[in-house]
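The notes follow the order in which I checked things.

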Amino acid sequence: MAQSDRWPLWSAVCFGAGCASYFWFRTEPPLWPLLIFAALSLLTWGFSRVRGAARSVTLPLLMLACMAGGLATAKARSDAVAAPIAPSMGKPTLVEAYVIDVDSPGARGHRVILAPVRIRGLEPEQVPHRVRATVKGEPPRPGEAVTIFGLLNPPPAPASPGSYDFGRGAWFESMGGVLFGLTEARSADLAEPPYAVRQEMRINAIRFALAERLVARLGEQRGGIAAAMVTGHETWIGADDLQAMRDSGLAHILSISGLHMAVVGGFVFFLIRLLVALVPWLALRASGKKIAAVAGLLAVGAYLLLSGAPAPAERAAVTAAIAFGAILLNRKAISMRALATAAFVVLLLQPEAVITPGFQMSFAATAALVALAEIWPRRIREINTPWPIAALQRALSWGGTAIAASLVAGLATGPFVMHHFNRTSVYGLVANMASAPLADLIMLPALALGAVLEPFGLGGPFLWVAGVGVEAMLAVGHWAASLPGAVQTMASAPAIALPVAFIGVLFMCLWRGWLRLLGLPMACAVLLWPRPEPPSIWIGEAATNAAWVEGQQATVFRHVRAFASQIWAQRWNLEVQQRDKSDWTCGRTHCHQSEGIALIALWWGRAVPATDKLEAMCMAAEVVAVRSVVADLPAACSNRLVLDGHDFAEGGAVQLWRDPSGWRAKWVRDTRGVRPWSRWGDPDYQ
């Protein structure tokens, strides 16, 4: 009986599992069989309900229908966002485009999101809908028409098998290319864009202007943090501050998500409810709670527009809207049913969110907090207690609740942090406990009021208060990050460990009674799962870089594409070091060991190596990686593993293990599959 009203909650879990199963396919499934399967499953469940079948029959049928519906929804969404993907053009080209938004800066400079109008060398039907561009100098503003001369490529494949797939995320944003600008952006005279593009640019221009005003008002350090929390623009955040926030476990405050929506929506809700209560005539004739809920809905919607509507903010806005909607319908605003409804709505709109760290961490933490609220003992209200004792009791109660909430949320999100980011902030709980009152009670409410009033020149006092809060939060972050052992790194567990941990966390949250502890070993799967042996060799996409492993050290050939080698090494918890140049014979296009036989030699030049060069490389290494396609191998390469451009075009980056029988390879294609965002074997794509 204790679980009778909990079983329907698992339908949202099964729907999410169905969405996730779409991404486990190695080849793209057709849509129509999935739709038929989902329809038949739903009809079978409905027929069993109408015929009065027992719950032991209807419940499994409901779960099956939800899984089938999630699978079909994910496939339909993938087809709906389909857009052209740019080919790898090889030579620089000229892109004429509108600037949609300013993106977070990268290691090579500022980045912007473009809506291309024309790309030299491509037919109109080949032009991607969106392109992310790295530009030289100051970034152009949203709404500007620009021309950029640079190198255009498709979205990059994962750096190694199983690592983050930027191309997959770009597919669901209809982003079909990345552009590296070789010159500064220049103004262009282009035809007027479509209405939807004009509106998007207008909103983003307002956001960027507000971000600039915040930076001008508060200074670059404090204003950069404030701009990120209000508008999502991270352009002005210093590298040291960003790293300190990550190492202290406070980086989530910079990303507009559930915390921000909850604080802004809750602040407006309680402020409006208080104002209604102060007007007796209105309080007697209308429900202050419902008026405040409507105001909270409007505030969340406005904040969503102001933030640029990134995916985490959209998910948080949906969850907040359902909570306020529950108040309007006289239901509990915070409950497992409301959370399950929010999960359904989010996954219907963005089924791809189920495989993103933001969705996983957000819903795991929220489910854990709701489960904590369900079992948290209610404080008995004493009568005629002296106020000093009552104040002390209330302070202890609030403090205990805050510590328990931070601890539970941190434990619930721990598996996802370990798996996706290969690190954990040891003092994250302490840092979050110290900064939570600043962020929740001072900084975010003051930023909300300041951002609203700043365009009228009245936001100064509120922004000053927010700036003080930002400075204090940065002090906490730098202090926590500077403590000994502040960050612990770990290798990624096998892919299966994460869904096992997710099911364990959800079981502990959704099951009632002490049997929920049976989910604890599953929840710890990412931590406890044995790590496989790291590979002996990693070769990056197109053989432009490589590394070999000795113990816990990964020695990298080149400085180019360092981000890819760092991502790969991070997944295996390896220390990266550069090779000792004195022992190597290297030229502009190749590198091999001078004496003896090394694990690997690398040819990264586009031209086919001469026979004598290839012979020298085969005599100096057990594995030879060549960027170009080699038609005939010399005799010296007969007992060597030679991987050439054809292999890399087919498979992407590769990891190699030495087995008694020879070399065992795992390519990116083995985990990525042949999907719309991974057109393997297409020479124009790779």
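I took a disulfide to be a pair of cysteine sulfur atoms within 2.5 Å. The model is predicted. Under that cut-off I count two disulfides.

**Entry 1: the bonded cysteines**

I looked up the link of Cys 586 and Cys 591 and read 1.7 Å between their sulfur atoms. I then checked how accessible each end is. Cys 586 is partly exposed at 36% relative accessible area, whereas Cys 591 is buried at 1%.

The other link joins Cys 618 to Cys 637, with 1.9 Å from S to S. I noted 95 degrees about the S-S bond, which makes this link right-handed.

With the bonded cysteines numbered in sequence order, I wrote the pairing down as 1-2, 3-4.

**Entry 2: cysteines without a bond**

I also looked up Cys 19, which is in no disulfide. Its nearest cysteine sulfur belongs to Cys 66 and is 10 Å away. Cys 19 is buried at 0% relative accessibility.

What is the closest cysteine sulfur to that of Cys 66? I found it in Cys 14, at 6.3 Å, which is too far for a bond. A disulfide needs the sulfur atoms within 2.5 Å. Cys 66 is buried as well, at 9% relative accessibility.

**Entry 3: helix H21**

Having met H21 through Cys 618, I listed its buried residues: Leu 614, Met 617, Cys 618 and Ala 620. They span an arc of only 165 degrees around the axis, so they lie on the same side of H21.

What do the buried residues of H21 pack against? I found strand E14 (590-593), strand E15 (598-603), E16 and E17. On the face turned away from the buried side I found the exposed residues Thr 611, Asp 612 and Met 619.

**Entry 4: a six-stranded sheet**

Next I traced an open sheet of six strands and wrote its order as E12-E11-E10-E9-E18-E19, with mixed pairing. Which strands stand at the edges? They are E12 (575-578) and E19 (662-667), each with a single partner strand, so one side of each has no neighbour in the sheet. I read an average twist of 25 degrees from one strand to the next.

Inside the sheet I checked E9 (residues 537-539) against E18 (residues 654-659): the two run antiparallel and are joined by three bridges. At this pairing I noted Ile 539 opposite Val 654 in E18.

**Entry 5: the helix across the sheet**

Last, I looked up helix H20 (residues 562-571). It lies across E9, strand E10 (546-550), strand E11 (553-556), E12 and E18. I read its direction as about 145 degrees to E9.

Methods
Residues numbered from 1 in each chain as written. Predicted model: local features only at pLDDT ≥ 70, side-chain atom pairs only at ≥ 80, totals over all residues. Heavy atoms only, no water. Buried < 20%, exposed > 50% of the residue type's maximum accessible area, 1.4 Å probe, protein only. Pairing = 2+ DSSP bridges. Helix = DSSP H or I, 4+ residues; strand = E, 2+ residues; numbered from the N terminus. Axes fitted to C-alpha atoms, helices over the stretch in contact; angles between N-to-C directions. Contact = heavy atoms within 4.5 Å. Arc of directions from axis to C-beta.
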